[in-house]
Every structure is written in structure tokens, then in C-alpha cells.
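Take a look at the model before reading on.

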Amino acid sequence: MPFIENKTYDEIAIGDSAQLVRRLTLRDIEMFAVLSGDVNPAHLDLEYAKHTVFGDLIGHGMWGAALISTVLGTQLPGPGTIYRSQTLSFSRPVKIGDRLTVKVVVTRKDPEKKRIGLDCSAVNESGETVISGTAEVVAPTVKVKRPPAELPTVRLEHRRPRLQRLLDLAADPAPVRAAIVNPVDADALELALQAAEAGLLQPVLVGRAAVIRRVAADAGLDIASFDLVQADDEQAAIDTAFALARTGKVEAIVNGSVAEDELVAAAAAACAGRGALSQIMVMDVPTYPRPLLITDTGVHVAPTLTVKRDIVQNAIDLALAIGIACPRVALLSAGVVVTPRVPSTLDAAQLCKMADRGQITGGQLDGPLSFETAVNEAAARAKGLTSPVAGNADILVVPNLEAGDMLAMELRHLADAQAAGILMGARVPIVPGGSGDTMPSRLVSCALALLVVQARTRAGFAAAAGEPPSTGG
């Protein structure tokens, strides 16, 4: 539409008409629901809609009415029109894919008040009238011809799809027995209750029993079904939780309300001789088509090559556990060329060679890759990169902790990403805490722990049967 031009009252004759044609899409329905707040399940819930008289999702009636308003405001009479009244009858539903012809016809004029009356209709491609009615408007008296306004691009985002799928994957009848370390605040106990109700965890509360019971009573939380292990202070609670893990009495550890660095230090000590501990963030970035794992974001300030090998393997193991087959691992640096001036490029090249030699298993590695060539296919092609990983990474391995923490925080706060985190490499998976974490994200972190335990159990059964394990470590 190069210009929007009106017809003034004097230019309008009885019998004049205007129309537009529009096909209803699911995106139209969702957009209208967002704008109006009308979330009637007849429009948005397919399972519900199948059992209604319509048998399928239907468009909002006022979506069709809005199209009539569009014709009046942009064509006849056009800019300068003032709505006075509108009557409408809805005779048939409009379903996804239906093509409507929306038309207005001038039926009368009022010279004194400059008002015009119009018949309004919407007809589907089968010739059936779905909406009919009348409108009265005040017609403009001044000629207007304007270029149309440039509209913003709108992207609809379903905010819980991939992280919610992790909860669905973890819907197992046997929840993981998990030590909740020092749960001496209501949020920690609420997490334990919600994780138990979701079938994710069988909580074992480790801390000062009297304090835990008082906090629960004050918050109205029923913890009577949970085991409670006495520990006299925060450090004792940490030590007790790891002792329970060593003896196989718990399969996961969850931070209740202890200082994160103290929990990480204890976990790292427990990893001695077993490999390196690392923190992995599982992120749902609205602009990225798949879950994105970022590591290490919370343990190693400047990891050595040996530690990076463990960081990569931990991330691959987690990716396999959550259902990503042969995850694509991008080893990030400031560029894509191996150069001694940038040590992380040398590490990336050596890690790729280690994967070739079987020292890292279960995934595909490529690096060094810059961030844009790791997640954007066009950027990767522009650099002449054609590997399966470039532009399609599942895992981003950062060169150091500062880069990992900043990248994860930038995606959360600037790209509106949702995130869940887990510590891997210890005897059992560990769910960290975080002041910025929401209850849903912490529940997903518990689901990650359950999925890891399930994957290790499957790998143990496979090894006992003489089959190759299903994970890399």
C-alpha cells in the first residue's frame, strides 16, 4: 500500500464499497489473544476445542470485527473517520485457514452531521456469510493522503517450551533421593515440596532440625513426609550431604541456602582424582531454535587444557542425558583461526584432536569458533566454515569463567532467555542456588539432576550387560 488515501464526505456516494481479503492463521489467533487477553480455550487449546461443537480451534469473533474496522479506517472513508456505532451478528465460526472477504457498502448519508451508514460483512471462500452488521461513522471533510506507518516486527514467543520439555522428560515414577543442604529458609523448603510434588525428588533435609521445622511451621509448609538429618551448622550440613552421596544414600545434592562458593569448594574436593567439576547452564533463548548449553559458568576461573577436557565431557554427558543425540560442541574464542597469540584457540584445536583420538566421546567438536559462527549459519558460511557444528551448536564451551558468566547473564537479561543450571563431574549431580533464579528454573535444575541419574543408571545397566555405555563418561 504506497499511500493511504481517504474519501471525504462529499466524495462518497451511496453504493460505494471497499474490501480486504485475509486468511486466518494460528499466529493471528495467538496475537489477538496476547493483545486482548482473551485466552478462551476454544481459541487456543486444541484438545479442548476438539470436544466443542466446532471440533477445532476457532478465531476470536472480534478478530473479524477488527478487519471491518481496518477497512473503515484505511479505505472507506479512511483516515479521519470517527467511529460512532457498530452492530454485528456472528453466524458461523472462522477456523484456521479460512479466507475471509471483508466488505463495507455505503447505504445512507446525513449531510447535516456528515455521517454515513454502511452495511458490513465477512464472507468465507465458500460464499458463506460469517459476520454481518451495520456501522455509522463521521466521515472526514478534509482530504488526507499519507504513506502508511512502518509497523514494528512482532515475534511471538512461547516462554516455556524447551525447559518445560525437560520437566516432561523427567516424569519418572521413581524420583531421585536428594540431599537438600541447609534448607533453613522458606524458599528452600518450597523448592523441596514442589520438586517432590512434581515427582522429581525425594528430599532429605540436611541441617538444623529445630530451625527447619520452625521455618516450615511459620511458612505453613508440610514437611512431615521428608527425612530430616541433623547437622549443627552450614559446613556440617555440606559435609553430611557429601557423606550421604559417598555412601549411596542420596543420588543428588541440592543447595538449600548455603553460600555457593562453599558448596562448589566441597564438590570440587569431592571430585579429586575423578576429573574436574563444572557448571553448565541449560538455556532457552527465544531467538535460538534449540536448547543451548553453556559451560563452564561457575567453577574454573582459568581452566587448563586438562580441565577443559573434563568440562567438555561433562557438558556432552548432560546433553545426552536430556535427549540431545550426538551434541554439537562449539569451542569458543575471539576468532576462528588458530594462533599462538590467543591461547584459547590453541586449546580449542587440541580439544578437537583429543576428540579425534577418543579422549572425548559422545559429541561432535569444532573450534576455535567465535560466538556468531557457533550459533549463526550465515556467519559461519561467510567465514568459510562448513562443519556440522558451525552455526548449529548445542553446547558452547567458553575459554574462561568470566566469559561464561557474562555470556549466560547477557542472554538472560538482554535476550530474555530462561535458564537452569547444574554442577557435573562429582559423584552425584548437584543443583546450585542463585539469587536470580526463579522457582520454575530451579525445578528444571532438579529435573536435570533426575535425568542425569537416569542416564547413569542406564549406562550402568548397559555396562553390566557388556554393551557400550550410552553417555560419554
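Buried here means under 20% relative accessible area, and exposed means over 50%. The model is predicted.

Q: Which residues of helix 7 are buried, and why do they line one face of the helix?
A: Helix 7 covers residues 209-219. Seen down the axis of helix 7, the buried residues fall within an arc of 165°, so they line one face. An α-helix has 3.6 residues a turn, so residues three or four places apart point the same way. The buried residues are Ala209, Val211, Ile212, Val215 and Ala216.

Q: Which elements do the buried residues of helix 7 pack against?
A: The face turned away from the buried side carries exposed Ala210, Arg213, Ala217 and Asp218. The buried residues have packing partners instead. These are helix 6 (186-197), strand 9 (201-207) and strand 10 (227-230).

Q: Which element gives the most to the lining of the largest cavity?
A: The largest cavity has a volume of about 50 Å³. Strand 14 (328-332) and helix 11 (343-356) each give two or more residues to its lining. The top contributor, with four residues, is helix 11.

Q: How many nonpolar residues are in the lining of the second largest cavity?
A: About 30 Å³ of space lies in this cavity. Its lining includes Asp296, His300, Pro303 and Ile311. By class, two lining residues are polar and one is charged. The nonpolar count is five.

Notes. Residues are numbered from 1 along each chain as its sequence is written. This is a predicted model: local features need pLDDT of at least 70, side-chain atom pairs count only at pLDDT 80 or more; totals for chains, interfaces and linings use all residues. Side-chain values use heavy atoms; hydrogens and water are left out. Buried means under 20% relative accessible area, exposed over 50%, partly exposed in between (1.4 Å probe, protein chains only). The arc is that of the directions from the helix axis to the C-beta atoms. Contact means heavy atoms within 4.5 Å. On a 1 Å grid over the protein atoms alone, a cavity is a set of points where a 1.4 Å probe fits but cannot get out, and a pocket is an open set with protein on both sides within 12 Å along at least five of seven lines; lining residues have an atom within 4 Å of a point. Grid points are joined across faces, edges and corners, and a volume is the space filled by probe spheres set on the points. Ala, Val, Leu, Ile, Met, Phe, Trp, Tyr, Cys and Pro count as nonpolar, Asp, Glu, Lys and Arg as charged, and the others, Gly among them, as polar.
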